[in-house]
Amino acid sequence: MQKAILLVGFAMIYIGNLFAQDTIHLNGQPNWKPEKGQWPSGMDIADHCFFYEDAADNPLTFDEIKKQSFIPYTKELRVQKLSNRPLIIQWYRFIIHNTSATDSIQLKLFLGAHYFNRLYAGDQLVSIGGAYETNKNMYSKQGSLVKVPPLATVTFFARTEDRMSLLVPPKVILETSFIAITRDAMGKFRDRFLFLLMALIAGCLFFISVYAVYQYYLYRDKAFPWYIAYTVIAFMIALFWMDIRLGLKMFSALFHDLILSVFTYIVPVLYTFFIGNMLQLPIHFKKGWMIVKLFVFILVLQMLIEFITFRTGWFMLNHNYFGYFISIIPMVLLHIILTVLTLMSKDKVKWFLFAGLVSLLLLWCLPLTGVFALIPAKRPELFMILIFPPVFLLLGLAVEAICFSFALSYRSKLVLVEKNKLQQYHAKDLEEKLNTRTIELEEQITAREEQKLQQIETAFEQKIAETEMTALRAQMNPHFIFNCLNSIKLYTLENDSQTASEYLTIFSQLIRLVLENSRSEKVTLQKELETLRLYIQLEAMRFKDKVKYQVNVAPEIDQQYIDIPPLLLQPYVENAIWHGLMHKKEGGNIVIDVTLPTEHCLQIEITDDGIGRVLAAAYKSKSATRQKSFGLKMTSERIDIINQVYNIKADVQITDLKDGMNNAAGTKVIIKIPV
């Protein structure tokens, strides 16, 4: 019994709705006018409409829609709603009958704010509209045009398309042109504060972008490109919502979808990397930054999914799950995590960044609390601002951008202060280095002056030494001549003309070599040894062949290549003859060995088997003493001068030779000359 009563009740409700939503009868063109002091409004025909929502993954064509079952458009369907589907496509069907036989009907159909609107009369598309619509051929700003000829009945189909959410609660209202124009004008007047506020926000974001570009040109900071991209895209989002809300028609549908899907998700990505660069979050919070990058990846993926789906209608899964993939939850979580990391940072600019993040989050979430619905609409101009959520999002972006600009300015100040400190430090360091360098230069100049004086002194001493060498060589020549003339005199007194002639010949050769060698600072070893041989021959003739000699030169020595000071060896040979061999009745031998023990050292050994230095000193021969003192003294002086002039270390060692009985067996002189 109860089931029967319920069925009867439902049937009565259905029949009532069916009769309530019948054909709209109008007797010619209505003369509706807005009442004084009331908002302009025409005839609400929602109760006369049938409704169908297109939930297919691929939107149905108009021919397919006409075959679908429409239901009465009840009040439960007339609500603003969000959807998990990418598109909300709704169809309205209504019938108008013109009872006038002479007057045609021309009205405007107002469907509210939608992304796209379409109106079909019978089987023909008669007008288009909507916030995204840019086709001006069939576009009607105040509403879709409804025409009904006299005594005609026309079935109309109206189609609305929205992106996941209805901008405003849906409406189906017929208006006269006058009411439509009046409503549009009054709407713009009512929205003037909203327009001014959104224009102010857009202008603020624009000038902040220009300022950021100029600052980047000045400082070349790596954080500025992220900030510039963030402010530019925020400016584009502001223009987008101005275009949607105020119907400015600035962008194409493609660009609208680009801003709605891509730019909306890219904004948090950009200010995330900006803050990460400013506070060095990837360095100081590696694990936290890994989580941030994960949410950034999710946002980029959401951005691509939403844009591709809006433009092509393709989605990898069922469209009813689309809303779960592009939820704002990852964006909110990213914002919260970034705020926490910013608060944990030790950088001085973090408070500006923290204030910007908190301001954006509060202003973004404020309309979601529904608090503005409780405010009475005493001032419609202000109330329109409060009930339009994108205003608070844009205001949050503007406040955040201003806080970020303060952070950049404060950072520039810190950089400038640090730069001034570095300049002062470098100036002080440079001054210290300059003073140190000045002292070093003064010391170098003093050292160079001392070195120059020393060089002059050395050169002067060298000149003196060379002069002394020349003088010694000049003294050496008469010494040789004196000894040789005495020998020639002896042979002449003995009437030994042949020996005197032979002696004179050798003497003349010796004199010629001595004169030649005396003009040179150095002579070849060959000339020095030849001079020595001639001298020994003269002394051997003088002592009746009591003096025998032997000159041994190592085969590896090039006698014409090696140069030595002239008359260096002769005094030691002379000393060996006069003090070593002269006191032996049988005479003795002199052996001269020339070797090259090292590559740069010439060694000359002069060995005699005379009586030795100790016994020779005991004889105290006056002539021998004078010759000894004169020859050896000059030779010692020459060795010292040679070492000084040529900067070498010639060395002379004299060794007394002993036999097996520890008796004197001669003398050995070792002369080492660097070559």
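Trainee: Why are α15 and α16 called roughly parallel to each other?

Mentor: The axes of helix α15 (residues 525–542) and α16 cross at roughly 20° and come within 10 Å, where axes are lines fitted to C-alpha atoms, for helices over the stretch in contact, and angles run from 0 to 180 degrees between N-to-C directions. Angles under 35 degrees count as roughly parallel, over 145 as roughly antiparallel, 65 to 115 as roughly perpendicular and the rest as oblique, and α15 and α16 are therefore roughly parallel to each other. The contact (heavy atoms within 4.5 Å) is made by residues including Leu-532, Tyr-535 and Ile-536 of α15 and Val-573, Ile-577 and Trp-578 of α16.

Trainee: What kind of model is this, and how are residues numbered?

Mentor: This is a predicted model, in which local features need pLDDT of at least 70 and side-chain atom pairs count only at pLDDT 80 or more, while totals for chains, interfaces and linings use all residues. Residues are numbered from 1 along each chain as its sequence is written, and side-chain values use heavy atoms, with hydrogens and water left out.

Trainee: How many helices and strands does the protein have?

Mentor: The protein has 18 helices and 18 strands, these being DSSP runs numbered from the N terminus (helices are H or I with at least four residues, strands are E with at least two).

Trainee: What makes α16 mostly covered?

Mentor: Of the 12 residues in α16, 11 are buried, where buried means under 20% relative accessible area, exposed over 50%, and partly exposed in between, with a 1.4 Å probe and protein chains only. Among the buried residues of α16 are Tyr-572, Ala-576 and Leu-581. Across the protein, buried residues make up 44% of the 675 residues.

Trainee: How do you know that the span of α16 is close to what is expected?

Mentor: Helix α16 (residues 570–581) reaches 15 Å from its first C-alpha to its last, close to the 16 Å expected at 1.5 Å a residue, and the expected span is 1.5 Å times one less than the number of residues in the helix.

Trainee: Why is Thr-176 called buried?

Mentor: Thr-176 has a relative accessible area of 6%, so Thr-176 is buried. This residue lies in the loop between β11 (173–175) and α3 (177–190), and Thr-176 touches Gln-29, Pro-30, Trp-32, Leu-107 and Lys-108, not counting residues up to four places away in sequence.

Trainee: How do you know that β13 and β15 pair?

Mentor: Two strands pair if DSSP finds at least two bridges between them, and strand β13 (residues 547–553) and strand β15 (residues 588–598) pair in the parallel sense over 7 bridges. Strand β16 (residues 601–608) runs antiparallel to β15, joined by 7 bridges, and a hairpin joins β15 to β16 through 2 residues.

Trainee: What makes β13 and β17 the edges of their sheet?

Mentor: The open sheet has 5 strands in the order β13-β15-β16-β18-β17, with mixed pairing. Each of β13 and β17 (651–658) has a single partner strand, so one side of each is left without a neighbour in the sheet. Neighbouring strands of this sheet are turned by 15° against each other on average, direction ignored.

Trainee: Which strands does α16 lie across?

Mentor: Helix α16 lies across β13, β15, β16, β17 and β18, running at about 145° to β15.
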